Amino acid sequence: MTTSRMPALFLGHGSPMNVLEDNVYTRAWEALGENLPRPKAILAVSAHWYTRGTAVTAMENPRTIHDFGGFPQALFDKRYPAPGSPALAKRVQALLAPLDVIADQEWGYDHGSWGVLIKMYPEADIPMIQLSIDGTKPAEYHYQLGKKLAALRDEGVMIVASGNVVHNLRMVKWEGNAEPYPWARAFDEYVVNNLGWKGEAKDHPLVNFMQHEGAALSNPTPEHYLPLLYLLGTWDGVEPITLPTQGTVMSSLSMLSVQLG
């Protein structure tokens, strides 16, 4: 029996407080874990591991990183002890060759990865590695890495990219039901409308996302947007694209999630 192609995800992770909360987004993540085929392993690409050069976690037992401040102690007490996978790290290095991918022994799981996966797979019993995002490279570079990583989906590996396509913390509104800024809504819609675009990478509207008039406000820095490009790089042009979650919180934080397959 051949292994069916694993779905791939981009999850809008939002606030670290989602780890402790029960809301429409966390329930959607829980449903994904319950309803999707169970992967042999997970490759996470998180906005919160933004580096010079590309690295992959290659240790047996990655640590849980609490890369945030000012939150309740209960959040810092959470751990996600999923095993690592040095073998999968080596496979990623091989797929991305001749790119020199560093076998990292220090990072672990940051809240962009474990903060969503603790909802999907709370038992933390699926081997997982993280791939860093090279902040020195242009958008198309990240899309092309996604293309190279697509083979993992036929090997039982689920790719889970995590960020937010609109992420402007300086302009958040803390009142509960604040409407999205018009530019945030427009950019979010631009992303949704172009997910299924077909053509050359260099012409892809979502690779060239800064051409949108709302992009600079939606992404003052690109690290929360770029994980989406890894996901889109793995798309085969045929499989369905669905949206497990949509919505904007605090006016300038998109909770859009995208599922391939």
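1. Tyr 181 is buried, at 15% relative accessibility. Buried here means under 20% relative accessible area, exposed over 50%, and partly exposed in between, with a 1.4 Å probe and protein chains only. Trp 183 is buried too, with a relative accessible area of 15%. The model is predicted: local features need pLDDT of at least 70, side-chain atom pairs count only at pLDDT 80 or more, and totals for chains, interfaces and linings use all residues. Residues are numbered from 1 along each chain as its sequence is written, and side-chain values use heavy atoms, with hydrogens and water left out.

2. Aromatic pairs. A pair of aromatic rings is described by the distance of the centres and the angle of the planes. Rings of Phe, Tyr and Trp (its six-membered ring) pair if their centres lie within 6.5 Å; planes under 30 degrees apart count as stacked, over 60 as edge-to-face and the rest as tilted. The count by this rule is 6 aromatic pairs. Tyr 181 and Trp 183 are stacked, because their ring centres are 4.9 Å apart and their planes stand at 10°.

3. Phe 187 and Tyr 225 make a tilted pair, with 5.9 Å centre to centre and 55° between the planes. Phe 187 lies in helix H6 (residues 182-194), and Tyr 225 in the loop between helix H7 (215-218) and helix H8 (227-233), so the pair ties together parts that are 38 residues apart in sequence. Helices (H or I, at least four residues) and strands (E, at least two) are DSSP runs, numbered from the N terminus. Both Phe 187 and Tyr 225 are buried.

4. A charge over a ring. Lys 137 lies over the face of Tyr 141, at 5.4 Å from the ring centre. The criterion: NZ of Lys or CZ of Arg within 6 Å of the ring centre and within 35 degrees of the ring normal.

5. How many residues of strand E5 (residues 128-134) are buried? The count is 7 of the 7, so E5 is largely enclosed by the rest of the structure. Met 128, Gln 130, Ser 132 and Asp 134 point one way from E5, and Ile 129, Leu 131 and Ile 133 point the other way. Strand E2 (residues 41-51) pairs with E5 in the parallel sense, over 6 bridges. Two strands pair if DSSP finds at least two bridges between them. Ala 44 has Gln 130 as its bridge partner in E5.

6. Strand E10 (residues 257-260) sends Ser 257 and Gln 259 one way and Val 258 and Leu 260 the other, and all are buried. E10 runs antiparallel to strand E1 (residues 8-12), joined by 3 bridges. The bridge partner of Ala 8 in E10 is Leu 260. Strand E7 (residues 241-245) also pairs with E10 in the antiparallel sense, over 3 bridges. Here Thr 242 stands opposite Gln 259.

7. On a 1 Å grid over the protein atoms alone, a cavity is a set of points where a 1.4 Å probe fits but cannot get out; a pocket is an open set with protein on both sides within 12 Å along at least five of seven lines; lining residues have an atom within 4 Å of a point. Grid points are joined across faces, edges and corners, and a volume is the space filled by probe spheres set on the points. The structure holds 1 cavity of 30 Å³ or more. The largest cavity has a volume of about 40 Å³. Its lining is His 13, Gly 14, Ser 15, Pro 16, Asn 18, Val 19, His 111 and Gly 115.

8. The largest pocket holds about 290 Å³ of space. Of its 16 lining residues, Gly 14, Ser 15, Pro 16, His 167 and Leu 169 lie nearest its centre. The lining divides into 7 nonpolar, 8 polar and 1 charged. Ala, Val, Leu, Ile, Met, Phe, Trp, Tyr, Cys and Pro count as nonpolar, Asp, Glu, Lys and Arg as charged, and the others, Gly among them, as polar.

9. Backbone points to check. The peptide bond from Ala 97 to Pro 98 is cis, with omega near 10°. Pro 98 lies in the loop between helix H3 (86-96) and strand E4 (101-104). Ala 124 is not a glycine, yet has a positive phi, near 55°. Ala 124 is buried, with a relative accessible area of 7%.
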